[in-house]
Amino acid sequence: MKNNDFKLISDFIKGAISILKALFTVFCSGLKTAYTAQNSENSDASENFLECNYEKCTGCEICTGVCPSNGALIVKSDEQGLKKLTVIDISKCIFCKNCIYNCPYGALNVTKQYKLATNDKKDLKLDCKKIYEAKLKELAKTADIPAFVNEEEI
């Protein structure tokens, strides 16, 4: 036998071993019980808008690190030089909710809004600061208490 024949036999054995390993992995994963994450906010819809509590966000960038979608979450410095999550791009989000589960400060949540249809892709880029300020104004109007933020600053 030539060296070339030994190489062919060696490659064949390595390929057979890798196929057997793959089959064993598939077989073992079939024996495990499935895990399904429950969506407590809205059980009818699996894809809901994300929202950021701008006050709680510290700009630690853990959410961007665990996000499998490149560019769905954008952290930038604000006017005061503090890093904050400023943009959530829903058009790039795959709704895995990794950012929510891994946020140590609880700054990210899921809304009950799930209708994402729009004619303009720009509508799917959510400005976290504007949304947070609008929520503060809405809370101040409904509670009949003075707003936490001066209207001149907004």
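At 32% relative accessibility, Glu61 counts as partly exposed. Here buried means under 20% relative accessible area, exposed over 50%, and partly exposed in between, with a 1.4 Å probe and protein chains only. The structure is a predicted model, in which local features need pLDDT of at least 70 and side-chain atom pairs count only at pLDDT 80 or more, while totals for chains, interfaces and linings use all residues. Residues are numbered from 1 along each chain as its sequence is written, and side-chain values use heavy atoms, with hydrogens and water left out.

Glu61 is not a glycine, yet its phi is positive, at about 65 degrees. The residue sits in the loop between strand 1 (50–52) and helix 2 (62–66). Helices (H or I, at least four residues) and strands (E, at least two) are DSSP runs, numbered from the N terminus. Phe95 is another residue other than glycine with a positive phi, near 60 degrees. Its loop runs between strand 3 and helix 3 (98–102). Phe95 counts as buried, at 15% relative accessibility.

The protein has 4 helices and 5 strands. Along the sequence, these follow the pattern α-β-α-β-β-α-β-β-α. Of the 154 residues in the protein, 27% are buried.

An open sheet contains 3 strands in the order 2-3-5, and the pairing is antiparallel. Strand 2 (73–77) and strand 5 (125–127) form the edges, each pairing on one side only. On average, neighbouring strands of this sheet are turned by 30 degrees against each other, direction ignored. Axes for such angles are lines fitted to C-alpha atoms, for helices over the stretch in contact, and angles run from 0 to 180 degrees between N-to-C directions. Two strands pair if DSSP finds at least two bridges between them. Strand 2 and strand 3 (residues 83–89) run antiparallel and are joined by 5 bridges. Val75 has Leu85 in strand 3 as its bridge partner. The two strands, strand 2 and strand 3, form a hairpin with 5 residues between them. In the turn, Gly81 has a positive phi of about 85 degrees.

The cysteines were examined next. A search of the whole structure finds 0 disulfides, a disulfide being a pair of cysteine sulfur atoms within 2.5 Å. Cys96 is in no disulfide, and the nearest cysteine sulfur, that of Cys67, is 5.8 Å away. Cys96 is partly exposed, with a relative accessible area of 30%. Cys128 is likewise in no disulfide; the nearest cysteine sulfur belongs to Cys52 and is 4.4 Å away. Cys128 is buried, with a relative accessible area of 2%.

Pockets were searched on a 1 Å grid over the protein atoms alone, where a pocket is an open set of points at which a 1.4 Å probe fits, with protein on both sides within 12 Å along at least five of seven lines. The largest pocket has a volume of about 270 Å³. Volume is the space filled by probe spheres set on the points, and grid points are joined across faces, edges and corners. The lining comprises 12 residues, each with an atom within 4 Å of a point. Tyr54, Asp78, Gln80, Lys129 and Glu133 lie nearest the centre of the pocket. Helix 4 (residues 128–143) gives the most to this lining, with 4 residues. By class, the lining has 5 nonpolar, 1 polar and 6 charged residues. Ala, Val, Leu, Ile, Met, Phe, Trp, Tyr, Cys and Pro count as nonpolar, Asp, Glu, Lys and Arg as charged, and the others, Gly among them, as polar.
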